[in-house]
Amino acid sequence: IYEQGFNVERNMWCTDIVRENHGKLSVKIPTKISNGEYILRPEIIALHNARRLGEAQFYPSCVQLSVTGATGSSPKMYSIDKLYSPTEPGILFDKKKGGAGYVIPGPPVYSP
């Protein structure tokens with residue numbers, strides 16, 4: 001439902017924006033999603049060593065949500081162990097070249 005890597009307008013990484021907001025990032029759950037149990041999986045990918053294969057660092061977290069009173073479609077489900085390839089551009093990335101060309105890895109964000 002949300003992703004942000006490098007914010008070109010602010011010339012900042014999302015982690016810098018979260019720090020600026022004292023560790024907070026607000027995301028709205030879409031009302032056009034079907035009722036049910038979901039896992040919301042926020043994740044930070046540390047890229048300081050990601051120019052070397054296998055050196056990106058993953059900091060995931062999980063929150064279980066129960067959605068009620070909503071109407072809409074169900075998002076496509078993905079297996080967590082198959083979200084990324086170690087060689088895709090957002091995982092194998094040289095941060096020293098700047099963030100403007102950063103491609104966020106993984107499947108597309110759900111948009112009802």
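Trainee: What percentage of the 112 residues in the chain is buried?

Mentor: Keep in mind that this is a predicted model. Buried here means under 20% relative accessible area. Of the 112 residues in the chain, the buried share is 26%.

Trainee: In what order do the elements of the chain run?

Mentor: Count them before ordering them. From the N terminus on, the order is β-β-α-β-β-β-β.

Trainee: Among contacts between residues at least 6 apart in sequence, what percentage joins residues at least 24 apart?

Mentor: Take the overall dimensions along the way: the C-alpha atoms fill a box of roughly 45 × 30 × 20 Å along the principal axes. Now take the contacts between residues at least 6 apart in sequence. The share that joins residues at least 24 apart is 62%.

Trainee: Why is the pair of F6 and W13 given the class it has, and what is that class?

Mentor: The structure holds five aromatic pairs, and this is one of them. The ring centres of F6 and W13 are 5.1 Å apart. Planes over 60 degrees apart set the class. The planes of F6 and W13 stand at 70°, so the pair is edge-to-face.

Trainee: Are F6 and W13 buried or exposed?

Mentor: The cut-off for buried is under 20% relative accessible area. F6 has 17%. W13 has 13%. Because F6 and W13 both fall under that cut-off, each is buried.

Trainee: Which residues do ring pairs link into a cluster?

Mentor: Begin with F6 and W13, whose rings form an edge-to-face pair. Ring pairs bring two further residues into the cluster with them. The cluster is F6, W13, F93 and Y102.

Trainee: What is the class of the pair formed by F58 and Y84?

Mentor: The ring centres of F58 and Y84 are 5.7 Å apart. Planes under 30 degrees apart decide the class here. With the planes of F58 and Y84 at 20°, the pair is stacked.

Trainee: How many residues apart in sequence are the parts that the pair of F58 and Y84 ties together?

Mentor: F58 lies in strand β5 (residues 57-60), and Y84 in the segment after β6 (63-67). F58 is partly exposed at 36%, and Y84 is partly exposed at 26%. The parts tied together by the pair are 26 residues apart in sequence.

Trainee: Which element gives the largest share of the lining of the largest pocket?

Mentor: The largest pocket has a volume of about 1,800 Å³. Of its 50 lining residues, the closest to the centre are Y2, E3, R41, P42 and E43. The elements that give two or more residues to the lining are α1 (14-20), β3 (36-40), β4 (43-46) and β6. The largest share, five residues, comes from α1.

Trainee: What is the value of phi near which N11 lies?

Mentor: Most residues other than glycine have a negative phi. N11 sits in the loop between β1 (6-7) and β2, and N11 is exposed at 59%. The phi of N11 is positive, near 55°.

Trainee: Where is H22, the residue with phi near 60°?

Mentor: H22 also has a positive phi in a residue other than glycine. With a relative accessible area of 73%, H22 is exposed. The place of H22 is the loop between α1 and β3.

Trainee: Which residues does C14 touch, not counting residues up to four places away in sequence?

Mentor: C14 lies in helix α1. At 12% relative accessibility, C14 is buried. Leaving out residues up to four places away in sequence, C14 touches Q4, G5 and L25.

Trainee: How far apart in space are S73 and K32, C-alpha to C-alpha?

Mentor: S73 is in the segment after β6 and is partly exposed at 38%. Its contacts, not counting residues up to four places away, are K32, I33, S34 and Y110. S73 and K32 are 41 residues apart in sequence, yet C-alpha to C-alpha the distance is 6.7 Å.

Technical notes:
Residues are numbered from 1 along each chain as its sequence is written. This is a predicted model: local features need pLDDT of at least 70, side-chain atom pairs count only at pLDDT 80 or more; totals for chains, interfaces and linings use all residues. Side-chain values use heavy atoms; hydrogens and water are left out. Rings of Phe, Tyr and Trp (its six-membered ring) pair if their centres lie within 6.5 Å; planes under 30 degrees apart count as stacked, over 60 as edge-to-face and the rest as tilted. Buried means under 20% relative accessible area, exposed over 50%, partly exposed in between (1.4 Å probe, protein chains only). Helices (H or I, at least four residues) and strands (E, at least two) are DSSP runs, numbered from the N terminus. On a 1 Å grid over the protein atoms alone, a cavity is a set of points where a 1.4 Å probe fits but cannot get out, and a pocket is an open set with protein on both sides within 12 Å along at least five of seven lines; lining residues have an atom within 4 Å of a point. Grid points are joined across faces, edges and corners, and a volume is the space filled by probe spheres set on the points. Contact means heavy atoms within 4.5 Å.
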